[in-house]
Number of protein chains: 2
Amino acid sequence: MKEFFNPYGIMVIGASANPEKIGHVVMESLLNSFKGKICPVNPRGGEVLGLKVYESIEKSPKCDLAVIALPAEKVPDAVESFGKHGGKAIIVISGGFRELGGRGSELEKEMVKRARKYGMRIIGPNCIGVLDTYSGVDTFFQPRYAMKRPGKGHVSIITQSGAVGIIALEWLAEKGVGIDKFISYGNKADVNEIDALEYLADEENTRVIGIYMEGIERGREFLRVLKEVTVKKPVVIIKAGTTAHGARAARSHTGSLATDAAVFRGALKQHGAIVADELEIFLENLNFLSLQELPDGGKVAIITNGAGPCVLLSDKIGESDKVFMARLSRDTIEGMEAELPPIVSLDNPIDLTGSAGPEWFDTAISHIENDRNADIMVVALTLQDEPVAANWEEFTRILSGRKKPIIVMTSGGEFTKRVSRELQRSGIPVIEYPDAVVRVIESALFSTEWLEIHR
Amino acid sequence: MKEFFNPYGIMVIGASANPEKIGHVVMESLLNSFKGKICPVNPRGGEVLGLKVYESIEKSPKCDLAVIALPAEKVPDAVESFGKHGGKAIIVISGGFRELGGRGSELEKEMVKRARKYGMRIIGPNCIGVLDTYSGVDTFFQPRYAMKRPGKGHVSIITQSGAVGIIALEWLAEKGVGIDKFISYGNKADVNEIDALEYLADEENTRVIGIYMEGIERGREFLRVLKEVTVKKPVVIIKAGTTAHGARAARSHTGSLATDAAVFRGALKQHGAIVADELEIFLENLNFLSLQELPDGGKVAIITNGAGPCVLLSDKIGESDKVFMARLSRDTIEGMEAELPPIVSLDNPIDLTGSAGPEWFDTAISHIENDRNADIMVVALTLQDEPVAANWEEFTRILSGRKKPIIVMTSGGEFTKRVSRELQRSGIPVIEYPDAVVRVIESALFSTEWLEIHR
């Protein structure tokens with residue numbers, strides 16, 4: 001597997017000089033971030049983006065990884081030639097295989113047979129490939145102007161759907177969450193979610209793994225591996241195709257069968273996976289788990305300068321059976337009372353009012369982080385208020401490196417998003433909406449409990 | 001009420017030359033957008049932002065609207081003076097009243113008594129006031145660099161919490177949704193949700209009304225008015241303080257009591273309101289209802305170039321008991337088959353694949369909009385794919401002015417957000433996530449059914 005992420009050279013089979021072609025955009029993506037050897041191959045020869053194009057695989061310098069962007073019919077022969085020429089790993093981006101059935105399925109089988117002959121592994125077909133922010137491998141055919149890539153970080157993602165992968169990556173990039181590795185496995189003719197999961201389990205930069213899956217064939221094996229991994233690091237799964245409609249949609253998408261949904265979701269949880277019902281919650285979980293320690297329990301202290309959103313948050317906490325409002329100790333409340341002006345309201349949620357600047361927050365947080373009655377702190381910020389807006393840099397400093405897990409809940413436009421990215425860069429997860437805050441804490445508690453029992 | 005939105009002159013009582021003071025930022029906000037007379041008042045005199053400051057209310061030219069940003073203790077006297085000087089309406093931004101209890105409650109009563117003497121109405125205290133995008137009234141003390149204002153449009157918002165109002169406005173501004181009027185009523189010493197709702201019912205530019213409320217005192221009267229309004233235009237309500245925790249948080253916030261939650265929510269629905277459980281869904285509903293006609297029924301046709309997100313959408317549709325996958329007629333399918341290449345999958349969801357450009361979408365949509373078996377079209381776009389990204393302007397044109405309600409489902413970074421804003425400006429609501437799509441359609445259907453019965 002390691003050649004997919006750390007190759008010495010990448011051959012782009014089907015490289016094109018036409019900017020509208022997939023084989024062109026892939027070249028752009030690679031040139032932008034990969035520092036090793038890149039060898040474009042196309043029978044027409046010539047140049048692509050300043051690089052000499054080799055007229056055949058045989059004529060190209062050797063590479064251990066190939067990215068293939070050719071019509072399906074031509075793929076098996078290209079695989080064979082690359083194998084003969086010393087190749088180790090192949091990413092097949094092209095569609096037109098098993099997802100179409102008939103001739104497409106035959107081509108897919110043939111392609112795999114030829115790869116096996118040379119001991120090569122294949123990711124795809126019908127996928128967007130691999131992104132590794134540390135090594136610079138980036139095989140996406142989505143141009144950079146249309147799709148941002150996240151920076152270096154600690155989330156890794158495995159996805160059957162390229163389109164869902166794109167949404168995930170851009171969501172993370174926009175928010176300022178860094179990633180380690182991304183694998184879009186499409187039709188999984190060879191490499192599947194099990195291989196990818198096993199590989200990421202031991203990757204040092206990966207602190208949390210997210211999986212989007214539709215169908216699964218070797219369910220029992222997947223669950224066995226899942227249990228091994230979830231005692232090492234959290235795994236968050238979004239399982240699509242859970243209803244009859246969804247399953248039908250999945251089948252015509254990657255040609256794979258969705259299993260009995262409710263049963264399989266239950267099994268995922270029993271093997272330690274955090275199961276997300278919605279894409280945003282899936283992503284919010286990955287973000288939180290890549291940055292913060294797991295909370296010891298579900299008692300939440302809320303500190304705010306704008307009460308309305310905290311009323312909504314209190315409601316969502318009230319609806320949860322895992323997350324609770326912390327009853328702060330008398331010491332904590334008296335300590336705050338002594339240091340804060342009388343206009344603040346010290347009954348959790350702690351409303352410091354619109355007049356609150358960084359010092360008031362610092363005072364409140366310093367008392368609460370030493371209170372055993374609180375497990376996790378949610379700082380609900382109306383960043384648009386002048387005393388916060390004007391001092392956002394100090395806020396970033398004050399909120400960093402606290403003794404208890406911390407979440408900032410804030411929502412807004414350009415300014416808020418910019419400050420949020422800075423908070424994220426300082427290791428503080430920012431969540432926009434109350435419902436997501438509660439669900440992320442519930443997920444983290446699931447991991448806390450899982451590890452208490454299984455580690 | 002109309003002086004709040006269309007005054008001939010606005011007096012800012014407590015205007016300040018210090019950029020960190022609320023009375024300064026309010027001046028900035030007004031100067032930026034209000035074209036009528038603005039009269040700053042402060043006993044220190046001098047200048048604020050190039051305007052002469054009057055040393056007292058009596059010395060200022062007459063105005064019909066006043067914005068008061070003074071310590072609570074000084075507010076009743078200012079109200080009295082403004083009444084004597086010919087004032088009609090007052091927005092009290094300052095806090096320090098009923099939400100603190102005791103002396104604060106007394107000041108609030110006194111303030112209202114004095115206003116009534118002169119037949120004046122008051123919005124607030126403890127609020128952020130009013131925004132009217134058509135007249136330019138903008139009393140916010142959130143600086144423009146930290147908080148974007150939406151443009152002109154057809155959503156109006158009534159909110160008890162300023163902080164929730166800020167989130168709503170910035171969400172709408174970011175997305176490119178225009179608004180008509182915004183009213184933050186805070187402690188509702190005088191003007192409350194009933195007055196505001198009644199007023200907006202007949203405002204021509206307001207096509208949909210959103211209300212964030214915590215407590216309500218005159219529940220029966222509110223429901224009576226609500227029923228009158230919901231037969232004219234949709235009203236979306238998010239009721240906070242629905243759990244014991246939330247209710248306690250609400251009480252210490254604006255000093256108002258949250259009523260028995262489940263009962264009240266039921267009553268809201270029985271009087272025609274769309275009740276939202278979450279802030280995002282509240283906002284998504286406002287957006288859709290301000291732009292599109294109500295669908296006749298819940299049968300959804302999905303057209304896409306990236307199947308994964310549609311599998312998730314199909315799942316959410318499968319879980320709904322109001323929204324269904326449309327079974328397209330034979331004519332529609334055969335019509336598409338004749339005009340589209342064989343790689344597309346025509347079983348709803350219609351997957352045009354990553355190769356699809358504007359023409360394929362145009363073909364599919366043109367067939368589906370004439371199919372009686374479909375009530376609403378969801379176009380799920382992976383905008384990051386080159387054939388879509390490169391032709392986004394043509395997409396905007398193709399998706400506009402269709403015969404059936406349409407939603408674009410798309411999610412991504414900077415580029416996607418920019419294109420989304422253009423789609424929004426052309427009247428096409430953009431929703432990021434599958435769950436929200438289904439819930440917005442459910443809400444619209446609630447209105448469809450309500451109007452069938454009550455109109």
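Predicted model: local features only at pLDDT ≥ 70, side-chain atom pairs only at ≥ 80, totals over all residues.
Which residue is the bridge partner of B:Val379 in E18(B)?

1. Let's start with the answer. B:Val379 has B:Val408 as its bridge partner in E18(B). That strand covers residues 406-409 of chain B, and E17(B) and E18(B) pair in the parallel sense over four bridges.

2. E17(B) also pairs with another strand. Strand E14, residues 299-304 of chain B, runs in the parallel sense with E17(B), and five bridges join the two.

3. Strand E17 itself spans residues 376-380 of chain B and is mostly covered, with five of its five residues buried. The side chains are worth a look too: B:Ile376, B:Val378 and B:Ala380 point one way, while B:Met377 and B:Val379 point the other way, and all are buried.

4. Next comes a helix pair. Helix H13 (residues 358-368) and helix H15 (residues 392-399), both of chain B, have axes that come within 10 Å and cross at roughly 10°. Angles under 35 degrees count as roughly parallel, so H13(B) and H15(B) are roughly parallel to each other. On the H13(B) side the contact is made by B:Pro358, B:Phe361 and B:Asp362, and on the H15(B) side by B:Glu394, B:Phe395 and B:Ile398. Sorted by class, the residues of this contact are four nonpolar, no polar and two charged.

5. Now for the two chains together.

6. How many residues does each chain bring to the contact? Chain B gives 71 residues and chain A gives 72 residues. On the side of chain B that touches chain A, several helices each supply at least two residues, among them H5 (162-175), H8 (244-254), H10 (279-291) and H16 (414-425). H11(B) provides the largest share of that side, 11 residues. By class, the side of chain B that touches chain A holds 32 nonpolar, 24 polar and 15 charged residues.

Key
Residues numbered from 1 in each chain as written. Chains lettered and ligands numbered in written order. Buried ≥ 20, exposed ≤ 12 C-beta atoms within 10 Å, placed from the backbone. Pairing = 2+ DSSP bridges. Axes fitted to C-alpha atoms, helices over the stretch in contact; angles between N-to-C directions. Parallel < 35°, antiparallel > 145°, perpendicular 65-115°, else oblique. Contact = placed C-beta atoms within 7 Å. Nonpolar A, V, L, I, M, F, W, Y, C, P; charged D, E, K, R; others polar.
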